[in-house]
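Here are a few notes to read alongside the model. I have kept to one topic per point.

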Amino acid sequence: MCTNIVYEWLKTLQLPQYAESFVDNGYDDLEVCKQIGDPDLDAIGVAVPHHRRRIHEAVRRLKEADERAA
């Protein structure tokens, strides 16, 4: 399994099973993950609605953290 920041992020979301698919689809750092939308989640293979909501919420928090830091 990959051990990188995306894996750690997904682990905190209790979704580490998607880490390999994230990296395989080019989502290998959090800056790239901030661009994730529904078509990306389809390509990655995140089909469970609750998992999709959890990821969307986490992406929103990443973006808000950036805005606060700016």
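This is a predicted model: local features need pLDDT of at least 70, side-chain atom pairs count only at pLDDT 80 or more; totals for chains, interfaces and linings use all residues.

How far apart do the end C-alpha atoms of residues 6-65 lie, and how much of the span is helix and how much strand?

1. The end C-alpha atoms of residues 6-65 lie 16 Å apart. The span is 68% helix and 0% strand. These residues carry the UniProt feature "domain: SAM", which comes from an unreviewed entry.

2. Next, a histidine to look up in your viewer. His51 sits in helix α5, which covers residues 49-69. Is His51 buried or exposed? Its relative accessibility is 16%, and because buried means under 20%, His51 counts as buried. Leaving aside residues up to four places away in sequence, His51 touches Leu15, Gln17, Tyr18 and Val46.

3. Now to the charged side chains. Side chains of opposite charge can pair when their charged atoms come close. How many salt bridges does the model hold? The count comes to seven, and the next points take up some of them.

4. Arg52 forms a salt bridge with Asp42, and the closest N and O atoms are 2.9 Å apart. Arg52 has 14% relative accessibility and counts as buried, whereas Asp42, at 51%, counts as exposed. The cut-offs are under 20% for buried and over 50% for exposed, so Asp42 falls on the exposed side.

5. Arg60 and Glu64 meet through their side chains in another salt bridge, at 2.3 Å from N to O. Where do these two sit relative to each other? Both are in helix α5, and because they are four residues apart, about one helical turn separates them. Arg60 is partly exposed, with a relative accessible area of 35%, and Glu64 is partly exposed too, at 29%. Elsewhere, salt bridges that share partners join Glu31, Lys34 and Asp66 into one network.

6. Is Lys34 buried or exposed? Lys34 is buried, with a relative accessible area of 6%.

Terms used. Residues are numbered from 1 along each chain as its sequence is written. Side-chain values use heavy atoms; hydrogens and water are left out. Buried means under 20% relative accessible area, exposed over 50%, partly exposed in between (1.4 Å probe, protein chains only). Contact means heavy atoms within 4.5 Å. UniProt positions are given in the numbering used here, feature names are shortened, and annotations may be inferred rather than shown by experiment. A salt bridge is a side-chain nitrogen of Lys or Arg within 4 Å of a carboxyl oxygen of Asp or Glu.
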